[in-house]
2 protein chains.
Amino acid sequence: MQRYSLVYTKTTKQTPGDEQSKNAQLLIKAGFINKEMAGVYAYLLFGHKTLLKIIQIIREEMNKLNANEVLLGSLQNPQTWVASKRWGDSVIDVWFKTKLANGTQIGLANTHEEPLTKIMSEYVNSYKDLPCYLYQFQTKFRNELRAKSGIMRTREFIMKDLYSFSKNQEELDTFYEKVKQAYINIFNKVGLGEKTYVTFASGGAFSKFSHEFQTISEAGEDIIYIDHQKNIAINKEVYTDEILNDLGVKKSELKEYKAIEVGNIFKLGTKYAKAFGLNYTDKKGKVKNVVMGSYGIGPGRLMGTIVETFNDERGIIWPNSVAPYNVHFITLDKKHNKQAEEIINKIEKAGFEVLWDETESTAGEKFANADLIGCPIRILLSEKSIKSGGLECKPRNSQKSDIIKEADIISYLTKTLNL
Amino acid sequence: MQRYSLVYTKTTKQTPGDEQSKNAQLLIKAGFINKEMAGVYAYLLFGHKTLLKIIQIIREEMNKLNANEVLLGSLQNPQTWVASKRWGDSVIDVWFKTKLANGTQIGLANTHEEPLTKIMSEYVNSYKDLPCYLYQFQTKFRNELRAKSGIMRTREFIMKDLYSFSKNQEELDTFYEKVKQAYINIFNKVGLGEKTYVTFASGGAFSKFSHEFQTISEAGEDIIYIDHQKNIAINKEVYTDEILNDLGVKKSELKEYKAIEVGNIFKLGTKYAKAFGLNYTDKKGKVKNVVMGSYGIGPGRLMGTIVETFNDERGIIWPNSVAPYNVHFITLDKKHNKQAEEIINKIEKAGFEVLWDETESTAGEKFANADLIGCPIRILLSEKSIKSGGLECKPRNSQKSDIIKEADIISYLTKTLNL
């Protein structure tokens, strides 16, 4: 249980003047983040809790794919990137570069294909060593010219990046489809499933298409076209007559939307394997290149997208799976503290997390705060609620409150939160 | 359960030629880390699991102190550091600096007193807002001239840094003692308690002493002096006649040791509060400076220290609390796979984590591997073990194995691992 009196970065009524994006405005007001500089945000107690919940949802899906979690460095050896011809600022235009004390220039990782391929070349020799799947939650640094979408496009952000190493195209294709499904599971679990579309996007040297996961939102920086009947979505970047023809869709049946790219999956072919000599010997003794794929989700951008999607004029409305707390418990009088603690302990034993506002603020302030922070259920224990027969419970996404008997609170929460 | 066939960064017999330190040699051979460049290591599956366990142990102690977990940025606004006069490379000689796309120079955080003090100045106004305690597990970048102690001194590492904001010296002193105890708990929990000493070290402008936590080890870069009878330890940097006199210890009673600094706690006084105008109004309406403290532990260095402390000629010997898995389960014949899975499921249900080597390697290779990786208990299910009456169980830190009946395996593990 988290007492609100022990939350040191409380909510604020001031709307930050220098934020254009709704996600940053709401998250700052609600005490989830703090802006440190343009494109750099600190995650505060609530924000960090939600971030960890998103990370855990992604982690579980990655582990189901039999992927190994690792953590690579941010500091990058230029030699590694020269090998793949991506050290140059004209090839990757978001490099941050710095210098070692001895004057050697080094980089800050904006992605990790190169260093991980290099590492895996030490572990992969035979067809018996393949396939391999490795992922991490690791900070990426990208020197963006402009950073204006709150936590959705920042100069420094945690990325879940998964990389696959396969014996051949077929093995890659099979895994790629599994990742696609894992991503769909993730977006469903964080509450964005209905608004998120697997979207055809540009491929690269080794594949006609990559796939993006695009969440429809007015805050989006991308344009996508959806054929709702065929359930096909296409990024504007591949919106050509030829490709529409390939996909069997007609312009007249496509609707245009703004959307946020919340994930992308990419077949890399043998580009990196060739650059780093990542080969294996097959059953017949023949040496072959490993075939790779890469798969990304930014937990911070996902958090921003959730806020853009679920809010009203009073604040954020978190899906239960990623709310910092399941329950926002309010008392108005110290004399109820003992009873409140007992109830909260019971609720936490049942597996729900509780934020308890036991401060000296007024009822009005506490209700406004609860709406701003946006936990799924608000519970009030007061003189009035007791007289009415128990606890006044109100889901954040409903106008209506119910009086629930203390004895029934667990079954109420179980029922309401598992909707 | 983790199948060893699905570990993609397996152990190696080669001793890395370019590593002087035992921790890096063992951790690389055992598949815990990979060296990316001097002073930068990737944590692989096993290493990342151990790192997360150390982090969780520290996190629980921090939460008990009512500290809020946050996550600040790595990219640093120079203005923030100019305010405290620490932007200059002559003041902090381990800065990494880089540039935004618009040419503005920025830094990579080597510590976070400045940005957090700045943030807290937005939340603290009144005595009612104090004290505050905030901590994070965040990457620090330090441009070390030499990096030669494996994962104990790197150019990039995760740090647990806790900061306290108090109304006055007395409140700081009380919390400082609580942190000292929390640190002792942490070092006890990770198995380093007996060899770790609270050590007097140099203070700063606001305090005669700071305290370090020093673990006695031949791999240490520090020299400390211990009076074992009085249980007082002193860092060489404050080993002067005056200070010995202050502490009431005699040179003749001090023994010299090499030691690894695994933690430090520091009273900062009002230095940063003054630089950032972090003030509060007291009960009488008087405006006062907030009094700060900072408290650090590097989980990576702690991991390196554990490896330096617990190893033998065959490999690492992990304390159970931080082992990547509690049990290293070995089968030698596929026909035992079904039975093995049932037993492992039972063991995992009881709360133990299992690494299962079901590969086609020889028994000798599997035993050598188990010793190298260093999980606390090795369990063998084989034709021979079954004939002997069950499972052959051997603690990593013992020469002796026991045959344990399948029905008794949970109570055996509970007893052996809780020693």
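Helices (H or I, at least four residues) and strands (E, at least two) are DSSP runs, numbered from the N terminus. The model described here is predicted.

**Backbone features**

Pro131(B) sits in the loop between α4 and β8 of chain B, and the peptide bond that joins Leu130(B) to Pro131(B) is cis, with omega about 0°. In chain A, the bond from Leu130(A) to Pro131(A) is cis, with omega near -5°. Pro131(A) belongs to the loop between α4 (113–120) and β8 (132–141) of chain A.

Most residues other than glycine have a negative phi, and most peptide bonds are trans. Asn66(A) has a positive phi, near 65°. This residue lies in the loop between α2 (45–64) and β4 (68–69) of chain A. Asn66(A) counts as partly exposed because it has 16 C-beta neighbours inside 10 Å. Asn231(B) also has a positive phi, near 55°, and is placed in the loop between β12 (222–227) and β13 (232–235) of chain B. With 9 other C-beta atoms within 10 Å, Asn231(B) is exposed.

| Residue | Phi |
|---|---|
| Asn66(A) | near 65° |
| Asn231(B) | near 55° |

**Domains and core**

Chain A is divided into domain 1, residues 15–312, and domain 2, residues 325–417. Taken over C-alpha atoms, the centres of these two domains of chain A are 39 Å apart.

The largest nonpolar core has 233 residues, and Val327(A) and Val327(B) have the most contacts inside it. Leaving aside neighbours within four places in sequence, Val327(B) is in contact with Ile347(B), Phe352(B), Val354(B), Cys375(B), Ile377(B), Ile379(B) and Leu413(B).

**Helix packing in chain B**

Helix α2 (residues 45–64) and helix α8 (residues 299–309) of chain B have axes that come within 9 Å and cross at roughly 115°. The two helices, α2(B) and α8(B), are therefore roughly perpendicular to each other, and their crossing is right-handed. On the α2(B) side the contact is made by Thr50(B), Leu51(B), Ile54(B), Ile55(B) and Ile58(B). On the α8(B) side it is made by Pro299(B), Gly300(B), Leu302(B) and Met303(B).

**Contact between the chains**

Between the chains, 41 residues of chain B are in contact with 41 residues of chain A. On the side of chain B that touches chain A, the elements giving two or more residues are β2 (33–37), β3 (40–43), α2, β4 (68–69), β6 (96–99), α4 (113–120) and β8 (132–141) of chain B. The largest share of that side, four residues, comes from β3(B).

Note on methods: Residues are numbered from 1 along each chain as its sequence is written. Chains are lettered from A and ligands numbered from 1 in the order in which they are written. This is a predicted model: local features need pLDDT of at least 70, side-chain atom pairs count only at pLDDT 80 or more; totals for chains, interfaces and linings use all residues. Domain bounds come from an automatic or database domain assignment. A nonpolar core is a set of buried Ala, Val, Leu, Ile, Met, Phe, Trp, Tyr and Cys residues joined through C-beta atoms within 7 Å. A residue is buried if 20 or more other C-beta atoms lie within 10 Å of its own, exposed if 12 or fewer, and partly exposed in between; C-beta atoms are placed from the backbone. Two residues are in contact if their C-beta atoms, placed from the backbone, lie within 7 Å. Axes are lines fitted to C-alpha atoms, for helices over the stretch in contact, and angles run from 0 to 180 degrees between N-to-C directions. Angles under 35 degrees count as roughly parallel, over 145 as roughly antiparallel, 65 to 115 as roughly perpendicular and the rest as oblique. A crossing is left-handed if the near helix is turned anticlockwise from the far one by less than a right angle, and right-handed if clockwise.
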